[in-house]
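Have the sequence and the 3D view ready.

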Amino acid sequence: MRAQYPSQTVGPFFAFALVREGGNVLVNEQTLGERITLKGRVLDGDNQPVDDALVEIWQADAQGRFRHPADPQHAQADPHFKGFGRSGTTGEGFCFQTIKPGPVPPSPVPCIAVRVFARGMLIHAVTRVYFSDHDNTLDPVFAGLDPARRQTLVAQRCELPGGVVYRWDLRLQGEGETIFFDL
Amino acid sequence: MSESGHKGVLDWSIQPPYLHAPYVATVRRAPHHPLVPLAASLMERTGPVYGEGDIGPLDHDLTKNAAKNGEPLGERIIVTGRVLDENGRGVPGVLIEIWQANAAGRYIHKNDQHDAPLDPNFVGAGRTLTDEKGFYRFISIKPGAYPWRNHFNAWRPAHIHFSLIGRNFSERLVTQMYFPGDPLLEYDPIYQGIPNTKARSRLISRFDLETTQPEWALGYRFDIVLAGYDQTYFEPGGH
């Protein structure tokens with residue numbers, strides 16, 4: 001066995017290397033599925049917006065398939081959807097243009113994998129986001145979480161004139177601290 | 001890390017904690033609740049797959065990929081190594097993105113106000129993919145140390161930031177590569193945030209005469225071991 005290498009902070013100056021134009025847009029015109037915007041803020045222990053964080057998401061396509069060989073159905077995955085996005089935060093937060101993923105068996109409800117990096121975090125934090133218009137207690141992971149805290153993983157659906165927006169704030173610390181996972 | 005016997009991907013005797021008070025910015029950004037064990041679902045066992053089409057021909061050469069009217073100033077370096085998994089196997093197809101300050105210790109980022117010159121021929125960002133055996137190679141210039149305001153007279157040791165995206169969502173590492181013999185390492189709360197000396201020292205690259213090219217550039221070797229879910233089934237002929 002080789003010993004794994006330690007993480008170090010992404011620091012404040014990553015944007016010119018990691019945040020590319022369009023990196024937060026996961027869809028093109030041909031992508032299948034319901035267009036959604038996933039947006040929110042990253043908040044610190046003083047409830048202040050973190051304006052230099054990096055948020056990454058990974059999700060299934062509209063049919064619940066991943067374009068990756070570990071998915072037995074990857075050959076049928078939407079060729080117009082890669083499933084990975086990155087957004088740097090500003091004072092307004094992060095924002096992704098994506099589609100609502102399909103549920104991935106055995107879960108009957110959809111969710112998105114999320115990872116956050118920032119100056120002041122020596123190692124990233126991993127979480128998930130679920131959707132307010134589903135019964136998330138049917139998901140085996142969600143059902144096992146502390147009922148007093150698991151709402152921190154639920155994005156609120158807002159149907160706005162410009163389209164469907166899911167709002168979700170990620171709180172690093174303090175009241176309403178987001179659940180983070182030891183993956 | 002948990003009472004349930006869950007063995008996560010990360011080894012917390014090696015990985016830095018969220019809260020490390022000498023690094024002041026951790027104090028208001030460190031989660032206070034313990035991490036919740038998560039057994040990987042298909043979502044965490046998959047991830048973005050990259051190919052040659054995602055990389056441009058000069059992306060790995062930071063001395064050329066932003067050159068306007070000449071070569072960047074500073075000591076030319078070759079940084080090369082192999083990305084391995086915890087079983088010692090080379091990991092192919094890893095997207096490695098790097099970024100760094102220029103030779104004077106200045107980042108091109110708009111928020112870097114360090115009173116040191118920018119270099120018109122250097123941006124300091126590069127990317128590459130590991131080959132089928134896990135090897136990678138960058139050409140750059142040696143970054144300078146730079147001051148920061150964590151505490152009085154704080155200076156970051158010279159470093160290159162590395163971001164690695166491996167074969168699935170779990171195989172992800174953002175870290176920093178340092179240079180051998182740097183006296184600033186001893187005073188750096190980011191480097192010292194790693195809980196043990198041996199783990200820390202793995203982030204120090206090794207000067208390598210084999211990699212060094214006569215009359216042209218100094219060579220540094222930096223291998224990286226990625227934690228992540230076992231991917232044996234992913235390999236051709238795997239069962």
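Which residues point one way from S3(A), and which point the other way? A:Ala53, A:Val55 and A:Ile57 point to one side, while A:Leu54, A:Glu56 and A:Trp58 point to the other, and all of them are buried. Before we go on, keep in mind that this is a predicted model. The pattern you just saw has a simple background: in a regular strand, side chains alternate between the two faces of the sheet. Strand S3 of chain A covers residues 53-58, and because six of its six residues are buried, the strand is largely enclosed by the rest of the structure. Here, a residue counts as buried if 20 or more other C-beta atoms lie within 10 Å of its own.

Now look at the partners of this strand. S3(A) pairs with strand S6 of chain A, residues 111-118, in the antiparallel sense over six bridges. In this pairing, A:Val55 stands opposite A:Val116. S3(A) is also joined to strand S4 of chain A, residues 84-88, by five bridges, and these two strands run antiparallel as well. There you can find A:Glu56 opposite A:Arg86.

S6(A) and S7(A) form a hairpin with six residues between them, and in the turn A:Gly120 has a positive phi of about 85 degrees.

Is strand S7 of chain A enclosed or open? Seven of the seven residues of S7(A), residues 125-131, are buried, so this strand is largely enclosed by the rest of the structure. A:Ala125, A:Thr127, A:Val129 and A:Phe131 point one way, and A:Val126, A:Arg128 and A:Tyr130 point the other. Two bridges then join S7(A) to strand S8 of chain A, residues 154-160, and these strands run parallel. A:Phe131 has A:Ala155 as its bridge partner in S8(A).

Finally, let's turn to chain B. In chain A, 55 residues are in contact with 68 residues of chain B. On the chain A side, the elements that give two or more residues are helix H1 (15-18), S6 and strand S11 (181-182). The residues of that side divide into 34 nonpolar, eleven polar and ten charged. S11(A) pairs with strand S1 of chain B, residues 36-37, in the parallel sense over two bridges, and A:Asp182 has B:Pro37 as its bridge partner.

Technical notes:
Residues numbered from 1 in each chain as written. Chains lettered and ligands numbered in written order. Predicted model: local features only at pLDDT ≥ 70, side-chain atom pairs only at ≥ 80, totals over all residues. Buried ≥ 20, exposed ≤ 12 C-beta atoms within 10 Å, placed from the backbone. Helix = DSSP H or I, 4+ residues; strand = E, 2+ residues; numbered from the N terminus. Pairing = 2+ DSSP bridges. Contact = placed C-beta atoms within 7 Å. Nonpolar A, V, L, I, M, F, W, Y, C, P; charged D, E, K, R; others polar.
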